[in-house]
Amino acid sequence: MRKQIVAGNWKMNNGLIQTESLITELKQQVKTSEAEVMIAPTFTNLWHAFQSTKNTHIEVIAQNMHFAEKGAYTGEISAGMLTSLGINTVILGHSERRAYFNETDEALAKKVDTAIAHDMRVIFCFGEELADRKAGNEDTVVENQIKNALFHLKGDAFNNIVLAYEPVWAIGTGETATPEQAQEMHAFIRKTLAEKYGNNVANNVSILYGGSVKPDNAKEIFSKPDVDGGLIGGASLKAEDFYAIVNAF
Ligand SMILES: O=C[C@H](O)COP(=O)(O)O
């Protein structure tokens, strides 16, 4: 079932005290919402955030996980560790993970499989770099990222998948895709899914946009028919801005 979602990716920001105060502010603001509201604090603050948001509209989610069930992977976190805390949604494939930690489509396919085996929901990120867009290759790049990591799945797996289109050139740069560029790409993504899995799957998958979404541009971006919400970085670190984006629906 297609849902509207606003997810805040806090990335490597906020220690315990800042996490607690940001959640306190958010709880005062996000009482009800048309959209599902999620926050992704860093691993060390997940348990605290999970406890602090009980009985609220805010879901705490993870920024990453390993594909293995357990073992000698120093510094890594497994799906089972997340679900043992009550965390049932994970962001996978963020461009920062791809760029700085060499995450490949092959590794991401394995991570997606593991998450689904644990009945977790995946927010799967992808998007082209500036050079790809300048060369007019954005559709091919995005199509390949989706195909390589997701097209081995059966259609019903998409009940657990949310897609997040994040053009790399728009992340943290202040340069956002225009609402038209976002719509065009989201429609292309839905068409790509429909060709493989049929309209039912394609029309029920939520596709989020990420990349310099702010209170002043959220409403216009979210108004596009194939944009089902946003994955928010910088603006999710200020309660007032994040709440304004949530309220843009
Ligand atoms: O995960 C979020 C995206 O990387 C967007 O970040 P941003 O809103 O700071 O551009």
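Trainee: Where does H94 lie, and how are the elements around it numbered?

Mentor: Helices (H or I, at least four residues) and strands (E, at least two) are DSSP runs, numbered from the N terminus. Here, H94 lies in the loop between strand 4 (89–92) and helix 4 (95–100). Keep in mind that this is a predicted model, where local features need pLDDT of at least 70, side-chain atom pairs count only at pLDDT 80 or more, and totals for chains, interfaces and linings use all residues. Residues are numbered from 1 along each chain as its sequence is written.

Trainee: Which residues does UniProt list for "active site"?

Mentor: UniProt positions are given in the numbering used here, with feature names shortened, and annotations may be inferred rather than shown by experiment. The unreviewed entry lists H94 and E166. They are spread over 73 residues of sequence but cluster in space, with a largest C-alpha distance of 8.3 Å.

Trainee: And which residues are listed for "binding site"?

Mentor: That unreviewed UniProt entry gives N9, W10, K11, G172, S212, G233 and G234. They span 226 residues in sequence, yet no two of their C-alpha atoms are more than 14.1 Å apart, so they gather at one spot. One of them, N9, is found in strand 1 (residues 5–9).

Trainee: How many residues surround the ligand?

Mentor: A residue is near a molecule if its C-beta atom, placed from the backbone, lies within 6 Å of it. In this model, 14 residues surround the ligand, and the closest are N9, I171, G210, G233 and G234.

Trainee: What classes make up that shell around the ligand?

Mentor: Ala, Val, Leu, Ile, Met, Phe, Trp, Tyr, Cys and Pro count as nonpolar, Asp, Glu, Lys and Arg as charged, and the others, Gly among them, as polar. The shell has 5 nonpolar, 8 polar and 1 charged.

Trainee: Now helices: at what angle do the axes of helix 5 and helix 7 cross?

Mentor: Axes are lines fitted to C-alpha atoms, for helices over the stretch in contact, and angles run from 0 to 180 degrees between N-to-C directions. The axes of helix 5 (residues 105–117) and helix 7 (residues 138–150) cross at roughly 50 degrees and come within 7 Å.

Trainee: Which residues make the contact?

Mentor: Two residues are in contact if their C-beta atoms, placed from the backbone, lie within 7 Å. Helix 5 brings D105, L108, A109 and V112, while helix 7 brings Q145, N148, A149 and L150. By class, that contact has 5 nonpolar, 2 polar and 1 charged residues.
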